[in-house]
Amino acid sequence: MARVVMKFGGTSVADLDRIRNAAKRVKREVEAGNEVAVVVSAMAGVTNQLVNYVQDAGSLYDLREYDTVVSSGEQVTSGLLSIVLQDMGINARSWLGWQSPIVTNAAHGSARIERIEVDDIIRRFGEGQVAVFAGFQGVGPDGRISTLGRGGSDTSAVAIAAALKADRCDIYTDVDGIYTTDPRIVAKARKMEKITYEEMLELASQGAKVLQTRSVEMAMKHGVRVQVLSSFEDKPGTLVVDEEEIVEQAIVSGIAYNRDEAKITLRSVRDTPGVAASIFGPLTDNAINVDMIVQNISADKKTTDMTFTVAKAELDRAIKVLEDSSNGLKYDSLDSDPAVAKISVIGVGMRSHAGVAQKMFSALAEKGINIEVISTSEIKISVLVAEEYTELALRSLHTAYGLDSED
């Protein structure tokens, strides 16, 4: 007997037929003798519609009421799945965030889970009951419904798996696993059998949409074995596991891209102590996240050009914050460019192999792709290029690192 958490995303429960398909998968696990907890998202498109309702209702809305509205989609799905399971003869009941409970902090709209009380769930496992959780939601210290941020059902699933000490957490999606890059762009992308937590965390944070970043962080922290697999095909997925479980590490495991970044360059900034703080302090105060940063010192060492990236949606606000800054920031001009893309090469094998960056730079140069910004970490190299070269860059790098499938 195993204890399994199964999470179904919005496309997997988009209508009653798909909910019935999900229920068949749950029934299969139950009939195998496993203890099963299920986490569901709202039906596809429902959360977006609920968010639109809130935004149309009032521009300065109360986040507590926002959570009350947008969490209702998961409530509907959990109830429907429980009804379908019961109709199949499976003992099942739904659980909302406040019922188990899933206790979060007070940050409504993007709350973080503090603890999950599962004693009653485990007792009911002994009675053969399936627990169907409404994902994405919990209860704050004020007793109000809270939500975990977009994509939060992944985090719900991993957190519940950790609390239940589950043998694995299966994430059912509209893809059949994690690929070396986006297969919609690179036809020769390969599905990976296993990937490390660290690599998956980098892929998620650099633009891959398969798993929410916070869910991967939680899985790594608690050692939860996560499997990403298809809701619509019966085939093995991809396991996200500890590095020790992977016998032979590839130098590069995957390539991610992100078109949601914009570049800002401040020209001829006066190079004095504290200049970086005077630039990035106001941005931080306005909750604008800065990603890649490059500083170039002029020949006279009196001025510097400062280039950095922000989310494309935050570009106009970031420019206004910099232009309105009253803390002595002096520069000659501000240039911005929203037509950029970040390409990231990721792999734990980089720790022990030289020449990974050079191969990236050479492959891009051969295709005439100019690199605008570079940043690195222990297992990642990211470059900023003109957005029009995104697909060409992905394909050329995928081939250069030997990631193309042999099919």
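In helix α4, the residues G73, E74, T77, S78, L81, S82, V84 and L85 are buried (under 20% relative accessible area, with exposed meaning over 50%, for a 1.4 Å probe and protein chains only). They lie on the same side of α4 because they cover an arc of only 165° around its axis, taken from the directions from the helix axis to the C-beta atoms. The face turned away from this buried side carries the exposed residues I83 and D87. After α4 comes G89, with a positive phi near 90°.

The model is predicted, so local features need pLDDT of at least 70 and side-chain atom pairs pLDDT 80 or more, while totals for chains, interfaces and linings use all residues. Residues are numbered from 1 along each chain, and side-chain values use heavy atoms, without hydrogens and water.

| Helix | Residues |
|---|---|
| α4 | 72-87 |
| α8 | 213-222 |

A cavity is a set of points on a 1 Å grid over the protein atoms alone where a 1.4 Å probe fits but cannot get out; lining residues have an atom within 4 Å of a point. One cavity of 30 Å³ or more is counted. The largest cavity has a volume of about 40 Å³, the space filled by probe spheres set on the points. Its lining consists of V158, I171, L211, S215, V216, A219, V226 and V240. Helix α8 gives the largest share of that lining, three residues.

How values were computed
Helix = DSSP H or I, 4+ residues; strand = E, 2+ residues; numbered from the N terminus. Expected span 1.5 Å × (residues − 1). 1 Å grid on protein atoms, 1.4 Å probe; cavity = no way out; pocket = protein on both sides within 12 Å on 5 of 7 lines; lining within 4 Å.
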